[in-house]
Amino acid sequence: MKYLFDLKNAIIDRFPALTADKVQLQIVNGNLPPTSQTLGYIARLYLLDCKLPNPYDVLGFIRKWFETRNMAIPELMFDCDVIDLESYDLQIDIQLSDKLNIG
């Protein structure tokens, strides 16, 4: 899951209008079945008071970020709360799974 901090920082670097205090990362809906070592979860990014002209640019950037790291491209889901004509809050859910090494 540490790679998600790299993703968050890459988003902040790629989109200068987004500042660290306006981009939040949460892990939600985690699941570890008793018969598996694969942890399923959703990484949720909140982009608060976002003023990017096109919110879909962030979705495309996330897909490309995973692709350039030779990682499986995850399913992306999003919600957008419109604040006014120029700003919105964007919530992006990234469906992920990681293999655990249980000793």
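Mentor: Contact means heavy atoms within 4.5 Å of each other. Please also keep in mind that this is a predicted model.

Trainee: Understood. Which residues does Gln91 touch, leaving out those up to four places away in sequence?

Mentor: Gln91 touches Arg44, Leu45, Tyr46, Met77, Phe78 and Asp79. Gln91 itself lies in strand β4.

Trainee: Is Gln91 buried or exposed?

Mentor: Gln91 is buried, because its relative accessible area is 17% and the cut-off for buried is under 20%.

Trainee: You mentioned β4. How many bridges does β3 form with it, and in which sense?

Mentor: Strand β3, residues 75–82, pairs with β4 over eight bridges, in the antiparallel sense. One of the residues concerned is Met77, whose bridge partner in β4 is Asp93.

Trainee: Let us return to Asp93. Which residue forms a salt bridge with Asp93?

Mentor: Arg44 does, and the closest N and O atoms of the two are 2.7 Å apart. The pair links distant parts of the chain, with Arg44 in strand β2 and Asp93 in strand β4, 49 residues apart.

Trainee: Are these two residues buried or exposed?

Mentor: Both Arg44 and Asp93 are buried. As a general point, side chains of opposite charge can pair when their charged atoms come close.

Trainee: How many salt bridges does the structure hold?

Mentor: The structure holds four salt bridges. Among them is the one between Lys51 and Asp49, with the closest N and O atoms 3.1 Å apart.

Trainee: Which residues are in a network of salt bridges?

Mentor: Lys22, Asp49 and Lys51 are linked in such a network. Lys51 is partly exposed, with a relative accessible area of 48%, and Asp49 is partly exposed as well, at 32%.

Trainee: What about Lys64: which residue does its side chain meet in a salt bridge?

Mentor: The side chain of Lys64 meets that of Glu67, at 3.8 Å from N to O. These residues are three apart in helix α2, so about one helical turn separates them. In general, an α-helix has 3.6 residues a turn, so residues three or four places apart point the same way.

Trainee: How accessible are Lys64 and Glu67?

Mentor: Lys64 is partly exposed, with a relative accessible area of 47%. Glu67 is also partly exposed, at 43%.

Trainee: On to the core. Which residues touch the most other members of the largest nonpolar core?

Mentor: Of the 27 residues in the largest nonpolar core, those are Leu7, Ile62, Ile92 and Ile94. The elements α1, β2, α2 and β4 each supply at least two residues of this core.

Trainee: What is Ile62 in contact with, its neighbours within four places aside?

Mentor: Ile62 is in contact with Leu7, Ile11, Leu45, Leu76, Ile92 and Ile94. In soluble globular proteins, nonpolar side chains tend to be buried together.

Trainee: Where is Leu59 found, and what does it contact beyond four places in sequence?

Mentor: Leu59 is found in helix α2, and its contacts are Leu76, Phe78 and Ile92. Leu59 counts as buried at 11% relative accessibility. Leu59 and Ile94 are 35 residues apart in sequence, with their C-alpha atoms 9.9 Å apart.

Trainee: Turning to α1, how far does this helix reach?

Mentor: Helix α1 has twelve residues, 3–14, and reaches 16 Å from its first C-alpha to its last, close to the 16 Å expected at 1.5 Å a residue.

Trainee: Which residues of α1 are buried, and what covers them?

Mentor: Tyr3, Leu4, Leu7, Lys8, Ala10, Ile11 and Ile12 are buried. What covers the buried residues of α1 includes β1 (23–31), β2 (38–50), α2 (56–68) and β4 (88–99).

Trainee: One last topic. How many disulfides does the structure hold?

Mentor: The structure holds zero disulfides.

Conventions:
Residues are numbered from 1 along each chain as its sequence is written. This is a predicted model: local features need pLDDT of at least 70, side-chain atom pairs count only at pLDDT 80 or more; totals for chains, interfaces and linings use all residues. Side-chain values use heavy atoms; hydrogens and water are left out. A disulfide is a pair of cysteine sulfur atoms within 2.5 Å. Helices (H or I, at least four residues) and strands (E, at least two) are DSSP runs, numbered from the N terminus. The expected span of a helix is 1.5 Å times one less than its number of residues. Buried means under 20% relative accessible area, exposed over 50%, partly exposed in between (1.4 Å probe, protein chains only). Two strands pair if DSSP finds at least two bridges between them. A nonpolar core is a set of buried Ala, Val, Leu, Ile, Met, Phe, Trp, Tyr and Cys residues joined through side-chain atoms within 4.5 Å.
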